[in-house]
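Please examine the structure shown below together with its sequence. The briefing that follows is arranged by topic.

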Amino acid sequence: MKKALVIIAQEGFQDKELEGTRKGLADAGFEIVLASTSAGECHGKFGGVEHAKITLTNVNIGDYDRVAYIGGPGAAALKEDADAKRIAVETVKARKPLGAICIAPTILAAAGVLEGIKATVWNRDNAESAFLELHGAIFTNESVTQDGLIITGNGPEAAEEFGKIFASL
């Protein structure tokens, strides 16, 4: 069975984005493994409770067919997390699909994998798009943007479309 790693924040992941991404992957026959900074209980922005099976430190990219990062207020801290950035870099090097939605594309930008890549992001005050551009991304302002094996989405309203496209790569 194909396996997808989905990375969520320990506190404050975006419930609807996880739901849309998970639906796209499940409908396409993927086994879904949740990861976070710590294994165990994770809390969504809107009260959802999920269980991360693995810590980011223990992720071996060879175990997965693709990797997605879910947004939400808690995801902002992941752009400073060495393991979150390492996983993004290793996913690109392994030529596997890599996705990020809402604020999570800033994690990819911080990891240096969006250089010359078209991408979108939740752009509350233009700071997020400026961060992407500062790191070499070409900001599209679309709801979902695919550039090769990298797909980005701009927020909860794009979650289902993001999930479908991400699963089809």
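The crossing of helix H1 and helix H5 is right-handed, a term used when the near helix is turned clockwise from the far one by less than a right angle. The model is a predicted one, in which local features need pLDDT of at least 70 and side-chain atom pairs count only at pLDDT 80 or more, while totals for chains, interfaces and linings use all residues. Residues are numbered from 1 along each chain as its sequence is written, and side-chain values use heavy atoms, with hydrogens and water left out. Helices (H or I, at least four residues) and strands (E, at least two) are DSSP runs, numbered from the N terminus.

**Helices H1 and H5**

- Two packed helices are described by the angle between their axes and the distance between the axes.
- The axes of H1 (residues 15-27) and H5 (residues 159-168) come within 7 Å and cross at roughly 35°; axes are lines fitted to C-alpha atoms, for helices over the stretch in contact, and angles run from 0 to 180 degrees between N-to-C directions.
- Contact means heavy atoms within 4.5 Å; among the residues that meet are Lys 16, Glu 17 and Gly 20 in H1, and Ala 159, Phe 162 and Phe 166 in H5.
- The residues of this contact divide into five nonpolar, four polar and five charged, where Ala, Val, Leu, Ile, Met, Phe, Trp, Tyr, Cys and Pro count as nonpolar, Asp, Glu, Lys and Arg as charged, and the others, Gly among them, as polar.

- A search of the whole structure finds one aromatic pair, meaning rings of Phe, Tyr and Trp (its six-membered ring) with centres within 6.5 Å; planes under 30 degrees apart count as stacked, over 60 as edge-to-face and the rest as tilted.
- The ring centres of Phe 162 and Phe 166 are 5.9 Å apart and the planes lie at 0°, so the pair is stacked.
- Both residues belong to helix H5, where they are four residues apart, about one turn of the helix.
- Phe 162 and Phe 166 are both buried (under 20% relative accessible area, with exposed meaning over 50% and partly exposed in between, for a 1.4 Å probe and protein chains only).

**The sheet of seven strands**

- Seven strands form an open sheet in the order E6-E3-E1-E7-E8-E12-E11, with mixed pairing; two strands pair if DSSP finds at least two bridges between them.
- Strand E6 (54-55) and strand E11 (144-147) stand at the edges with a single partner strand each, so one side of each has no neighbour in the sheet.
- Strand E1 (residues 3-7) is mostly covered, as four of its five residues are buried.
- E1 runs parallel to strand E3 (residues 31-36), joined by five bridges, and Leu 5 stands opposite Val 33 in E3.
- E1 also pairs in the parallel sense with strand E7 (residues 66-69), over four bridges.
- Helix H2 (residues 82-93) lies across E1, E7, E8 and E12, running at about 140° to E7.
- H5 packs on this sheet too, touching E7, E8, E11 and E12.

**The sheet of three strands**

- An open sheet of three strands has the order E2-E4-E5, with mixed pairing.
- Strand E2 (11-13) and strand E5 (49-52) are at its edges, each with a single partner strand, so one side of each is left without a neighbour in the sheet.
- Strand E4 (residues 40-44) and E5 run antiparallel, joined by four bridges, and the bridge partner of Glu 41 in E5 is His 51.
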